[in-house]
Structures are given as structure tokens and as C-alpha cells.
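Let's take a walk through this model together, strand by strand. Have the sequence and the 3D view at hand as we go.

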Amino acid sequence: MIFFKKKNKILNLLNITAEMINLLDQELNLKTALENCMKAIEVVEDNLEGELASDNEAVFDDLQVVHDALQLIYQEEVQLDDNLEQKLYLMIMSIQKKLDKSIPIKLNVVFMPYKVTMWDSLASIYEMAAKDPDCVAKVVPIPYFKLTKDQAIPTYEGKLFPKDVPVTSYQDYNLAKEDPDIIFIHNAYDQYNTITQVDKRFFTSNLKKYTDMLVYVPYHITGFGRLSGNNQYITYTMPTMPNIDRIVVAGNFVKDAAIKYGVPAEKVLVLGSPKMDAVYQATKSSKKIPKKWEKQIAGKFVFALDTNCMSLVNNPFYEFAYIEQVFDAAKMISNCAVIWRPHPLTKIAIAHYIPQMLEKYDHLVNDIKSCSPKYPNIIVDESPEYISFFNASDAYVSIPNSLMALYTVTGKPIVIASKVLNDELLLPDTAFYHFYDPEHPWYKIAQDLINGKDPKRNSRRNLASQIYNYTDGTSGKMIYQEIKREVILKTAGETK
């Protein structure tokens, strides 16, 4: 199959060949020029071999005619004159136009996720690409290493992807041979990540060698906390950013930050986040509880508790105490339950930075999993997807982070579990409850929400759309359409 990039390489080569032929009478070293023209025609023929439909076989005949004529001139059996030069030039241009018209636009697109839990950052883009008749889309999960203090653990999650997503093994995918038009990634950290690191073969510095459109769609969505310094936007300070052709961000405030930290404005596309597409689609209908959790939480008001991997590392005693406070609601209120979703990298982060706390963490998780009487109506969610976690919940408890940003799409109550001031949020403070509010602390918030008292309900209407773009489930569509448009226009400009 002739993909878009290959098609345009062929058309460009024919243009160059035509220009060389048009200047043959001016060449000081005519034989070298003729050799270059013949070699170019041979390369075109090699690229077309076995790819053209039968009704285009005449193209090979025309190419051979030009090649034979150049050969005769080279052998001095035919005299080059203006008339012959013009005929050969017009024949090449005619071949170029025929191929441009007869070879359809067909994009070769590859998605290279590394963790299945982060696939949602690319999923809705892939869905659009897979439906596009002008595209061949492949999903190639790439291997990575979990980094502990003492070792790098090789990991591959290709077999964990959803059944409706056909996966191509990275061992069977040859970047040089595939020569993709577009590569989508959700990790651009290369060697600068201290917890996980993708295989060096898939660093952005290497991927860029094989495509003219390397697109970075972050596996996280930037939260709505207004943090000082680079904390929130550290991605855009990475030395890998020059390798990226386009960066997709969820809102204009993220684009402003990226530009501030040196990313060229033309690289940054404000097109929302596919992660919000997943939440929007999954939570449009009423609350849904997976069968595996029904026994423990059916008929109860469910708080979704999300904890960050580094918070347990940075302040373990405080964080463990806070988690226990959230659990107290399920312990003390009969019609209440909690689903706790530790960040997927929590255990590896503890093992890396504070291994002395690993036993305590494991003990807590095991107690909950074994349905210990100490933790009634509490569930640990370690599944690769968080949609069930959202769907089964009635409210959300966490510090401002990526998942909280996504949860704003649901319209459900959100309890912020960190001490933040009104001017530290990009969204109105009136839309949130606060875990440490002295006038309305956690135990009162929990009781009120369980009893149906939710005075902040109206403040949450259309909350996400106040700072994020395409929160209506169309982000993936917009991203795919824009990248496809840019690739076609960019290449068309190069071939003019």
C-alpha cells in the first residue's frame, strides 16, 4: 500500500526529475546528470512495484520510455535537443499528475501507548482514525521499565488492552519500514522520568527520525489548581519538547503556560482531552455499579477516594491519617461506602523513595481486600481503568489533580482534600466542598451529601467547560481532524 508520505516522496522525486531534465542542456557534466535522472526513475519504479492497480500499468511503460530515451542520450546514440528535452519533461510531469490523481490519500498512523491505564488519553483519537477510510491505524503498545531504587523492571502491557483494540506487537512493527505519517504518544519524558521509563527505542528523539508529525497527547489532564513554579506544567520544560511536532492541551491556560516555558505557540493545539471524552460518554446515563462491587456498595452513597502516588511519598504519616479519615465515613455511617483508587504508580513510588513504608501500605491494602471488619464497605480499585470508579460513585474526594479535573465533567459533588485559597483555583471555589473547612468539615459534608443535601449543585453546572475545551465528548474527533488536516496541507505545500 502506498501511504501518504510515500506518495508524496514519489511525487516530489518526479518533480525533481522533471526539473533536472528541463536543465539537461545547461549541464556541464551531462552524463552525471543523466545518471541521476535515470536513477531517480528507477527509485520511482521500485516504490511503485506491486502497488499500482492494473489500470495504472501504463505509468510503468511511460517511465520506461523516458528511461530508455535518457539511456540512449547517455550512450550518445541519440542527440539531445530542445524538442526532445521538452517532450521528456512533459512526459514526467504527465506521469506525476496521473499518479497524484490515481493514488488515493491514505494515512499511515500509529498509536504508541505504554501503560494500559493511560490508553484513554489516545482512545477516542484512535476510534476516529480507525473509522476513517483514508487511514490505516495501528496500536503498538511499547515496553517500559518500572524504576525502583535498585533496579529497572522490564514491563509490557500489550496483552492488557481492551479486546476491541487490535494490538500490534512492537517486535513486529518496523518504524523504518512503516515510515508512519503520524505517531501519537502519551509519554514524552524519555530518560527524564524517575518512576517509569519507556524503552530507549521509543524515546521521542528516536521516533522523530521516522515521522514528520509526532503528536504528544499527555496521559494526564492538567488540573485546575493554580500552582506556582513549574509544578503543574513541568512537562513543557522537558528537553524533549523540541522533538514534538504538536502538543495537545486541554485548555488555553495550559497553552499559555507551555508558551511561557518556551514551547513555540504554533506547536500547541487547544483541543481538549480524549480523557474527558471517555468520562463524558461513560457517565451520561445514571449511576452504574459493576457486579464485582454490588455486594459491598449497592444501595449506599459512594465516595470515590483518589490518592496521588507522590503524596504518600512526600508526607506519608499525614497521608495515611487522611485516608483513614475518609474511611471513617464508611465505618460510622451505615449507608455509606468508599472506593479507594491509589494511583497506579503508588506502590512503585513507595518502593523507590520510601521502601520502609511499603509494609504499612501493603498491610492496609490487604486488610481492605480481605474484607477486614476494620474496613467495612470499603473497596480498593486497582483496575486498569477508572471509569467504573467514576460510574459507581456519588461524590469524589481528592486533592486537585488530573482525575479531579476529569470528574468535573460528571457534575457530581467534589470534596477538595487540601487547604487551598480561592485564588489558587482556576474554577470557582463555590463549586467545591472542602475537607478541612472548619465551619463545614468532612464528617458534616459526608452526612449532608448522604442525606441529599447538596447546596453547591447549581454551581457545578457546565463546570468543566469554563476552562477546558471540547468537554462534550468531541475532543478525539477534533484532534484527529486537525492533525490530518495539517499533515495533508503541510505535505501539499511541499509538493507544489
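Phe-111 has Val-139 in β2 as its bridge partner. That pair belongs to the parallel pairing of β1 with β2, which extends over 5 bridges. Keep in mind as you look that this is a predicted model.

Now turn to β5. Strand β1 (residues 107–112) runs parallel to β5 (residues 182–185), and 4 bridges join them. Along this pairing, Val-110 sits opposite Ile-183, while Met-112 has Ile-185 as its bridge partner.

How many residues of β1 are buried? The count is 6 of 6, so the strand is largely enclosed by the rest of the structure. Buried here stands for under 20% relative accessible area. Both faces are covered: one side carries Leu-107, Val-109 and Phe-111, the other Asn-108, Val-110 and Met-112, and all of these are buried.

The open sheet has 6 strands in the order β2-β1-β5-β7-β8-β9, with parallel pairing. Its edges are β2 (135–139) and β9 (268–270), each of which pairs on one side only. From one strand to the next, the twist averages 20 degrees. In general, strands of a sheet pair through backbone hydrogen bonds.

Finally, follow the sheet to β9. Helix α8 (residues 252–260) lies across β8 (246–249) and β9, and the helix runs at about 165 degrees to β9.

Definitions and conventions:
Residues are numbered from 1 along each chain as its sequence is written. This is a predicted model: local features need pLDDT of at least 70, side-chain atom pairs count only at pLDDT 80 or more; totals for chains, interfaces and linings use all residues. Side-chain values use heavy atoms; hydrogens and water are left out. Two strands pair if DSSP finds at least two bridges between them. Helices (H or I, at least four residues) and strands (E, at least two) are DSSP runs, numbered from the N terminus. Axes are lines fitted to C-alpha atoms, for helices over the stretch in contact, and angles run from 0 to 180 degrees between N-to-C directions. Contact means heavy atoms within 4.5 Å. Buried means under 20% relative accessible area, exposed over 50%, partly exposed in between (1.4 Å probe, protein chains only).
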